[in-house]
Amino acid sequence: MESKRIKDIAARIAPELIEIRQHLHQHPELSFKEEQTSAFVKSKLADRGIAFDDGYAGTGIVAKVKGKAGGKQFALRGDMDALPIQEVNDVAYRSTNPGVMHACGHDVHTSCALGAAFILHELRDEWAGEAHIVFQPGEEVLPGGASLMIKEGALSNELQGIVGQHVFPELEAGKVGFRSGMYMASCDELYFTVKGKGGHGALPHKNNDPVYATAQMVVALQQIASRNAPPEVPTVLSIGRIIAEGATNVIPNEVQVAGTFRTLDEEWRSKAHGLIEQVAKSTCAANGVEVEVDIRKGYPFLINQPDLTARAKKAAEDYLGSENVIDLDLRMTAEDFAYYSQHMAGCFYRLGTASANGENRSAVHTPTFNIDESAIAVGTGLMAWIALTELS
């Protein structure tokens with residue numbers, strides 16, 4: 001089958017997919033609350049006569065597009081949840097759900113996955129095997145919808161691999177990026193409750209100041225990355241929230257602290273968890289206060305299986321031209337697609353969404369994120385093309 005055939009179908013159905021994307025963008029839903037989104041996706045699959053199983057992780061769906069008898073099984077993934085962000089874009093399809101926004105492009109991912117299913121279904125008499133299109137809830141929060149989809153048996157044991165794509169506003173629409181091997185970091189959530197004895201700010205000698213102890217603890221925690229991490233293993237420890245409900249003249253009794261720990265090595269990850277607790281407790285003890293440490297283990301690192309990634313990248317070069325396929329750098333961001341990548345052969349690549357004129361370059365997870373919608377036809381067609389090359 002020639003790639004032009006796929007491009008022509010993708011171009012033909014692009015207006016419908018853009019409408020789908022805009023509908024999803026207008027009606028975003030938070031993680032594991034994607035009831036309307038799930039119902040909408042199922043209605044679009046039913047309109048095409050595409051079979052599906054549902055109810056995984058609450059709102060998850062697996063569409064099953066069957067070609068001719070025999071052949072392999074291969075999966076494509078699109079996530080469906082949105083973020084707790086108030087959108088400020090002045091567009092007709094602006095979010096109608098206050099405080100909730102598709103600021104990470106999952107509306108695009110779902111639309112492209114639907115479009116790929118439409119293409120594969122239309123051409124079902126021309127290829128053999130079975131394509132599973134995974135519409136996944138809860139990518140943005142622990143424990144991650146991917147882990148639950150796997151646990152609940154959503155992925156067939158016969159699957160040869162799975163591919164996912166993610167919007168990338170650093171790259172122009174029409175381009176994509178790949179990286180073989182280790183790609184994204186593991187991600188753990190850190191929570192600390194520092195407890196002391198508060199009182200008048202003018203009388204610190206009569207208190208056990210948890211604010212001062214917290215400041216010392218935050219500084220001390222940085223040595224874990226700078227002085228304990230193996231130099232060849234990328235490591236990030238960041239504190240993003242400190243809440244001390246005192247006042248200018250009031251030292252509070254406790255301070256709430258939250259942060260993240262990310263790395264690319266499981267042995268070091270486990271060792272670092274012990275160091276985090278040790279450093280926090282010893283620093284606080286030295287300052288006369290106590291600390292409760294809660295380390296919530298999150299997503300594992302994401303590894304792109306080299307053989308599958310090489311084939312997917314070659315398929316992208318054939319489909320888009322080698323000049324439109326770039327090599328990606330390591331990222332310390334995290335993705336629950338990592339669970340799929342550790343369960344079977346996986347490839348997670350980036351879809352350019354910026355406009356050539358410089359627009360639509362706001363980062364993901366910001367209230368101004370948006371895309372050049374020409375990327376939808378590109379993402380749709382490429383997902384279908386990669387699936388067909390794997391199934392052939």
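1. Helix axes are lines fitted to C-alpha atoms over the stretch in contact, and angles between them run from 0 to 180 degrees between N-to-C directions. Helices (H or I, at least four residues) and strands (E, at least two) are DSSP runs, numbered from the N terminus. On this basis, H1 and helix H3 (residues 106-122) pack at an angle of about 145°, and their axes are 9 Å apart.

2. The model is predicted, so local features need pLDDT of at least 70 and side-chain atom pairs count only at pLDDT 80 or more, whereas totals for chains, interfaces and linings use all residues. Residues are numbered from 1 along each chain as its sequence is written, and side-chain values use heavy atoms, with hydrogens and water left out.

3. Contact, meaning heavy atoms within 4.5 Å, involves Ile6, Ile9, Ala10, Arg12, Ile13, Glu16, Leu17, Ile20, Arg21, Leu24 and His25 of H1.

4. H1 passes H9 in a right-handed crossing. Among the residues that meet are Ile6, Ala10, Ile13 and Leu17 in H1, with Ala377, Thr380, Ala384 and Trp385 in H9. This contact has eleven nonpolar, three polar and one charged residues.

5. A nonpolar core is a set of buried Ala, Val, Leu, Ile, Met, Phe, Trp, Tyr and Cys residues joined through side-chain atoms within 4.5 Å. Buried means under 20% relative accessible area, exposed over 50%, and partly exposed in between (1.4 Å probe, protein chains only). The largest such core has 63 residues, and those with the most contacts inside it are Leu45, Leu76, Leu120, Ile133, Phe135 and Val176. H9 supplies the largest share of this core, eleven residues. Apart from it lies another core, of 23 residues, including Ala220, Leu221, Val257 and Ala280.

6. Residues up to four places away in sequence being left out, Phe135 touches Val41, Leu45, Gly60, Ile61, Ala63, Gly78, Met80, Thr110, Ala113, Leu114 and Met149.

7. Phe52 lies in strand S1 (residues 51-56) and is partly exposed, with a relative accessible area of 28%. Its C-alpha atom is 5.4 Å from that of Val62, ten residues away in sequence. Beyond its neighbours within four places, Phe52 is in contact with Lys42, Leu45, Ala46, Ile61, Val62, Ala63 and Lys64.

8. Ile303, in strand S14 (residues 302-304), counts as partly exposed at 32% relative accessibility. Setting aside neighbours within four places in sequence, Ile303 is in contact with Gly181, Met182, Ser341 and Gly346.

9. Ser226 belongs to helix H5 (residues 210-228) and is partly exposed at 46% relative accessibility.

Note on methods
Left-handed = near helix turned anticlockwise from the far one by under 90°. Nonpolar A, V, L, I, M, F, W, Y, C, P; charged D, E, K, R; others polar.
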